[in-house]
Amino acid sequence: MTEFEPKIIAFVCNWCTYAGADLTGTSRIKYAQNVKIIRFPCTGRIDFMLLLKSFGEGADGIIVSGCHPNDCHYTSGNFHARRRWIMFRGLLDMLGIDVRRIQYSWVSAAEGSKWADIVNSTVNTIRELGPYTEYEKVAGYLEKEGKE
Amino acid sequence: MSKIGVFICHCGENISATVDVARVAEAAGQIDGVAFSTDYKYMCSDPGQTMIRQAIKEKGLTGVVVGSCSPRMHEPTFRKACQEAGLNPFMCEMANLREHCSWVHDKSEATTQKAIDLVRTLVEKVKLNKPLFSIKVPVTKTALVIGGGIAGIQASLDIASAGHQVILVEKDPSIGGHMSQLSETFPTLDCSQCILTPRMVEVAQHPNITLMTYAELEKLEGSIGNFKATIRKKAKSIDENLCTGCGTCITKCPTKKIPSEFNTGLGMRTAIYVPFPQAVPNKPVIDKANCSYYQKGKCKVCEKVCPTGAIRFDQEDELVELEVGAVVIATGFDIMQPSGFPEYGYGKYKDVITGLQFERLASASGPTLGEIRRPSDGKIPEKIVFVACAGSRDPAKGIPYCSKICCMYTAKHAMLYQHKVHGGKSYIFYMDIRAAGKNYEEFVRRAIVEDAVNYIRGRVSKIYEENGKLIVKGVDTLLSAKPVEIEADMVVLASAAVANPGAEELAQKMHVSYDSYNFFSEAHPKLKPVETNTAGIFLAGACQAPKDIPETVAQASGAASKVIILFSKDELSRDPLIAVVNRSPAPVFSTCVGCFMCTSACPYQAIGEELITNRQGKVIKKVAKVNPGLCQGCGTCVAFCRSKSIDIQGYSNEQMCAEVVALLNND
Amino acid sequence: MQTENYLIRKPSLEKLFSNLITGGKTVFAPKTKGNLALFDKVQAFGEITEDYIVTANSAKSVVFPRTEKLFSYHKSKEKTEISDAANSTFPDVVLWGTRPCDAAAFIPLTDTFNGDYKDIIFNNRRERVFLISFSCSRSDDYCFCTSVNSGPGNTSGSDVLLTKLSGGDYLAEVMTSKGQLLVSENSELFEAKPEEDKEKNLAVVATRFNQVEIQAKLQNLFENPVWDDKSRACLGCGSCAYVCPVCSCFDIQDEAHGNKGTRLRCWDSCGFGLFTLHTSGHNPRETQGARWRQRILHKFLYIPNKSKIAGCVGCGRCSRSCPADINILDTLTSL
Amino acid sequence: MNELIKKAAALLESDSVQVVIGYGKGTSNRTRAIFVTEAADCEKLIFDSRCVQNLAVYLTKLEIKKLGKPAIVAPIPVLRSILQLAVENQLTENDLVILGITPESELVDFDSFASIETFLSTHKIEIEEKYTKTIAKIKSIPVAERFAYWVKELEPCFKCYACRAACPLCYCTRCTVDDNQPQWISVASHPLGNLEWHIMRAMHLAGRCTDCEACYNACPMGIPIHLLTKSMLQDVADNFGSYGPSLDKQNTLSSFKPDDKESFIR
């Protein structure tokens, strides 16, 4: 039995967190391979449907990250995103979708080490939570061909 | 069927040291739709780029993925390379195998696997990329400058000297602004008028500058490159072409007791007037509110005495529409009237005045011809007290921010006083001395050391009159809280600099944002200090925040250079990574239902309305429409759109979904 | 074959049920959920409710699931592997507590899936379904089975029809060889047929219209204001079709995940605007009126023309579940 | 409701409207939406406690728009929907005549959307205690069981979209569930498809839902989907203060405050 390797997808904005993650690289700070980044222009662009899709496609965890409040390259994208996250998180919690599996963060272009920290701590959290079997069961329903 | 080329870079050893690049290239080759994949030591090098160009030509690639460093580093490089080979540059994507992979992981199977996943993800994205073409917006090379103070003057002259047309709009009868009211300027003590007036004349004479005084912005429509501005030219009641500015009307005008705005109420003016002798244009206007003809219906003295018959009582406001490509806001600031501070007795005691009033007293062209005399009895004050922060840094009764200029002008005032009134005694009550700036600290030192100005660190608690003296009660908190009492002849309040009364309304007219103090907001506090959120509208001077003259002039030139850059091309070409509202076949036309949540969410006012009409011209539907000139491509609207009717090119819904699916399905 | 009648005593009924469970059958029966009765999988006799006229959902999903996998694939650059759902094993299902109308519905439903193309998956499922129906002792304003050649004690479609007698015991009518097999396997539970008359234990359902006349009328009623009038309140949802035991329209959906994927057959409804929307943007049935007309014509003209029986069994589910209270009887009786 | 009938008849007679959207007798003891176009037919109009369907849904329906300018019988839930539709630019004041009905079943006129807002300010959305209790109870279940609970609750959903069709705020010409470029969520009614659909539906109503329960009343399988939107209403209230439609305020999700508070962003 090999150790569980969490699948974690990261939705980050181009101007702060993506650049921050670049800095993590240029400063050669090591972090776990489990997290893979998808680049967005702005957190305001990140559709909750994509987070939903990620779980449907088998993600064990999700990171959503962008510019700190007031630092948004587009001035208010992250403010809009924050409201959306507050509502989305509330709904997921009501539905029993484990909100600990989604890590939201503000990581600026200067916070290379913070990015590494976010990644590693998230990976650890998901390791502790284990694979998202409840959701996989729901998503893999057709494969397991349950009752009609 | 797409033919994607994948190019994996070793980046010397930066990537290949921890990632098995050969295997990444090999795995990429296995992906459906990948027609060619290879790895090379330096993809960004000339041979590397040649490799890409050749593959595009020979294999007829429809898309390219370069697995190398961060796209923030080399995306332009590789997109250019693709373009040279005849592939649309936006058909090229980069997988970040260095900053996001090789540099942050140790050499291992997992690291290579991650690299493969990243490449596959971008391959799936690029399959859905569409050729994009930069957006061309024609530019009207005329700038509108609002406000004729030093900021507006500087910006106008810079833009005009670069060979572009400028329309300078000033609400008062003359340009010059606050600077024209000042006596000397810190830290050099050279006369304000002497340095300003030549520039005012230059503006008046410049062939590229159209000056509109006594005029205000009524309406602003359109967007960057193509604004339509409506200007209200208030009736001056004179024919400017006939008027020679001889001034006879002014001397003969019977209504003489109107407090002069220019002299901050310390002097008087007539109903037909020019604000000050060096005014530009030097032609009078009739102040209808105070003219006995307009008020009582009789007088017309000016008309009788005018040698050229230039008086026009029937003249009305005129609305002119202008096509402009850019706008510079330079509407300046205002002085907070210290009447909100009864303890200072401003308004109650004639000899308690504001800093700006002191400027007039000290000015050679002022009501006292530069002699410091008390407004009450014209006596020369032997003791004078200056109160710094009379309103600034006072969240309770004034404004929380620092007005920035007061420390310096107060030091200057004290200095001027000492120079003009020998043996006079001057005191300055202050909180802190903020003298950051070239030669500023030295200037303050001079005031203290050479001119023996007494700085008292502490606040003034009360000012009251007692047998012809102003008793100033305060505390000296420098060493201990020691009460101080000074019998002064005159008190000068360094009242706070605040936004202009009309600022909020103006901002709304132009759709630019403003802060809680009604100062105009810059687009980015650090990186876009002269831009506003609305492309094509720029900021200069104290309308953005309190500033001294050098700062204002610098920002004005900054704004001007932004305008000049904008005007340097006939068309402005913008990144096509912007939002678009979909179109679908009739009878639907667009899946947009026109809820316009996107409009309210857009930080750039880039989303307007479009009416869809049938052949008979009947409106069938109202949908959202993105203005490509304004959209900055943040995509906030896209995430809002419930019906997914608005999408953003380059980060489209299909592309992002494809990335998610590809990233999470690695078999 | 000849119908055979037996008596099942109340206690034997429960025994019969447990025999089925222990015999490895998947049993679906009416269960109470809130103020609804729903066909659902049951394990224990106690879960079953008797207090229902008809269930809210129909029983058709055991042969025509709302989402049915047709095949799944896995493609690589070289080849694509396909696994056909027709080859998978299907469960032996007992439908317990179907009403005569439910049972009758299996006849037109089966016809639909056995036209020019014989649907393997459907037939596989159908063969493995055993219907133990209960005749109706109650009815409501929505019922009109008697107007479509069925009735509260109608036997067609059922393997066994049970009618509750005054004493609480049941008359068991066995119509099929499958039914006989059940009897022989549980012979101790089936006793000699009772004397009591079946009819007096049945609900009375008035005949509301003559199906043949309706069919005739509909021949030339295509252009008629009645369609718009009667469908004005229609919200365009699919509940009428989805609760209908006969409706069999479906839509093919592909669910792809990278190189893997599944092709699905999912229920669809003529009530949806999307149902007939062309890529061109043109929609031949642009209004709910046109969609409502299609629904009626399909059930009472097209299907009868083809296979002699109506595409409706008068269960009244569509009207009961309609959020806008559109009542199919209103339309049919006002033609 | 003689007043209502008189008023409606008058409106039709004067041709100030062409159709009156109201409630009439339905099957057995049910009531149903009726569309009266002749003054003479106005006595078919009824109003009582059984009239719960949210008629505002018809204001955006193509078939009803064809009938001409409507007058609509509008108890509180309908008024809320009308106001929200106005906020979302789906209605203008001269599009319709509103026959408002107070909780005391009295007829009330509205000459403007603003006047509706004023009226509603004294009839705020309040989530009944039985619901707040249920929601609290559900939220107290351990997360995995809570998930299982909802999967079970949503299981009967066969995607007839009655919830969507009955909701006055689901007026999109194309619902995202019907968009297959990309295929946002599974169209199939298997557990994932159902879960995704109901999450999407609720999210699209976040900060917009006026708590009329039309979705729940419409569901033929009696799934308690209204608990989702109700719990989100609570979230709006808890996080952003006021809720309910308002003309001058933006929709909750298309607006923001720089100092919005949250506890979960690192």
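**A walk through the chains**

Let's start where chains B and A meet: 34 residues of chain B are in contact with 35 residues of chain A. Keep in mind as you look around that this is a predicted model. On chain B's side of that meeting place, four helices each supply at least two residues: H4 (98-102), H5 (109-128), H17 (636-640) and H18 (653-664). Helix H18(B) gives the largest share, with seven residues. Sort chain B's side by class and you get 17 nonpolar, 10 polar and seven charged residues.

Chain B also touches chain C. Here, six residues of chain C are in contact with 11 residues of chain B. What does chain C's side look like by class? It has five polar residues and one charged residue, with no nonpolar ones.

Now for chain B itself, which is divided into five domains. Domain 1 covers 4-132, domain 3 covers 248-305, domain 4 covers 334-498 and domain 5 covers 579-649. Domain 2 is pieced together from three stretches of chain B, namely 142-234, 317-329 and 509-567.

Strands of a sheet pair through backbone hydrogen bonds, in either a parallel or an antiparallel way. In chain B, three strands make an open sheet in the order E24-E25-E26, and the pairing is antiparallel. Strands E24 (460-466) and E26 (482-488) of chain B are the edges, each pairing on one side only. On average, neighbouring strands of this sheet are turned by 20° against each other, direction ignored. Zoom in on E24(B) and strand E25 (residues 469-476) of chain B: these two run antiparallel and are joined by six bridges. Across from Ile463(B) you'll find Val472(B), which sits in E25(B).

Last stop is chain D, which has 10 helices and five strands. Along its principal axes, the C-alpha trace of chain D spans about 60 × 40 × 40 Å. How does the radius of gyration of chain D fit with that of a compact globule? For 266 residues, a compact globule would come in near 18 Å, and chain D has 20 Å, so the two agree.

Note on methods: Residues numbered from 1 in each chain as written. Chains lettered and ligands numbered in written order. Predicted model: local features only at pLDDT ≥ 70, side-chain atom pairs only at ≥ 80, totals over all residues. Contact = placed C-beta atoms within 7 Å. Nonpolar A, V, L, I, M, F, W, Y, C, P; charged D, E, K, R; others polar. Domains from an automatic or database assignment. Rg over C-alpha atoms; globule rule 2.2 N^0.38 Å. Pairing = 2+ DSSP bridges. Axes fitted to C-alpha atoms, helices over the stretch in contact; angles between N-to-C directions.
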